[in-house]
Amino acid sequence: MTAASLLDALCGLLQRTYALTAPLRPIGCYVIGDEGLRTLYPNGERAARSATGAGARLLLRETPGGVRACIYYPDAMIRHLEAKPPQRGIDEDNVDAFAVLVEELDHLLVTAERAHSGRGVSLLELEVQANVSKELVLSRFLARRARALDGDRRTWLRSQL
């Protein structure tokens, strides 16, 4: 049996946590990198070359057939997380990129859920929800097998977020 990718594991965690029911294909179907962004925006959108995730974003479009969405993650950010996997620990080297990965994934899941239920979502709601999700996910990864974070780790995490 193959272990789930980091993105699949995060998607499952967030879907279970918030009881999200929007029917989505495998989450990887919604992710694009630098080349995908250049394809969608050939006349001016430049891909960010950030290892920390600057430039990552949720791309949305309303069509007569419904909302279309994808997440853009800079190639450099993905390479950075592959070199410093959060599953092996979170520290100053990967915390920013991992937080961005979680934030944009959360934006996609919440937007899909709202579209599925016929409700809109504000940018403020997306940001508040993503901040909660980042703290939840990063706390879980920092705690690893422990049930809770100790005070020093919690303080460090809050200063990073």
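Because the model is predicted, local features need pLDDT of at least 70 and side-chain atom pairs count only at pLDDT 80 or more, while totals for chains, interfaces and linings use all residues. Residues are numbered from 1 along each chain as its sequence is written, and side-chain values use heavy atoms, with hydrogens and water left out.

## The cores

Start with the inside. A nonpolar core is a set of buried Ala, Val, Leu, Ile, Met, Phe, Trp, Tyr and Cys residues joined through side-chain atoms within 4.5 Å. Buried means under 20% relative accessible area, exposed means over 50%, and partly exposed lies in between (1.4 Å probe, protein chains only).

The largest nonpolar core has 34 residues. Leu10, Phe98, Leu101, Leu105, Val137 and Leu138 touch the most other members. Two or more residues each come from α1 (6-18), α3 (75-83), α4 (95-116), α5 (123-143) and α6 (151-160). Helices (H or I, at least four residues) and strands (E, at least two) are DSSP runs, numbered from the N terminus. Which helix gives the most to this core? It is α4, with 10 residues.

A second, separate core has 5 residues. Ile32, Leu37, Leu59 and Tyr72 are among them.

Val137 touches Leu10, Leu13, Leu14, Phe98 and Val102, not counting residues up to four places away in sequence. Contact here means heavy atoms within 4.5 Å.

## How the helices cross

Axes are lines fitted to C-alpha atoms, for helices over the stretch in contact, and angles run from 0 to 180 degrees between N-to-C directions.

| Pair | Axes come within | Crossing angle |
|---|---|---|
| α4 and α5 | 8 Å | roughly 130° |
| α3 and α4 | 10 Å | roughly 115° |
| α5 and α6 | 11 Å | roughly 140° |

Angles under 35 degrees count as roughly parallel, over 145 as roughly antiparallel, 65 to 115 as roughly perpendicular and the rest as oblique. A crossing is left-handed if the near helix is turned anticlockwise from the far one by less than a right angle, and right-handed if clockwise. Residue classes matter below too: Ala, Val, Leu, Ile, Met, Phe, Trp, Tyr, Cys and Pro count as nonpolar, Asp, Glu, Lys and Arg as charged, and the others, Gly among them, as polar.

Take α4 and α5. They are oblique to each other. The crossing of α4 past α5 is right-handed. On the α4 side, the residues in contact include Val95, Phe98, Ala99 and Val102. On the α5 side, they include Ser133, Val137, Leu138 and Phe141. By class, the contact of α4 with α5 has 10 nonpolar, 4 polar and 6 charged residues.

Next come α3 and α4. Is their crossing left-handed or right-handed? The crossing of α3 and α4 is left-handed. Met77, Ile78, His80 and Leu81 of α3 meet Ala97, Phe98, Val100 and Leu101 of α4. This contact of α3 with α4 holds 7 nonpolar residues, 1 polar residue and no charged ones.

At roughly 140°, α5 is oblique to α6. The crossing is right-handed. From α5 come Glu135, Leu138, Ser139, Leu142 and Ala143, and from α6 come Arg153, Arg154, Trp156, Leu157 and Arg158. The contact of α5 with α6 divides into 5 nonpolar, 1 polar and 4 charged residues.

## Single residues

Why does Ser133 count as buried? Ser133 is buried because its relative accessible area is 0%. Ser133 touches Leu14, Tyr18, Val102 and Asp106, not counting residues up to four places away in sequence. Ser139 also counts as buried, at 11% relative accessibility. Leaving aside neighbours within four places in sequence, Ser139 is in contact with Lys134, Leu149, Arg154 and Leu157.

Ala115 is in helix α4. Its relative accessible area is 37%, so Ala115 is partly exposed. The C-alpha atoms of Ala115 and Gly66 are separated by 7.9 Å, though these residues are 49 residues apart along the chain.

Loops complete the picture. Gly55 lies in the loop between α2 (34-40) and β2 (57-63). At 26% relative accessibility, Gly55 is partly exposed. Ala19 lies in the loop between α1 and β1 (31-32). With a relative accessible area of 55%, Ala19 is exposed. Its phi is near 50°, a positive value in a residue other than glycine.
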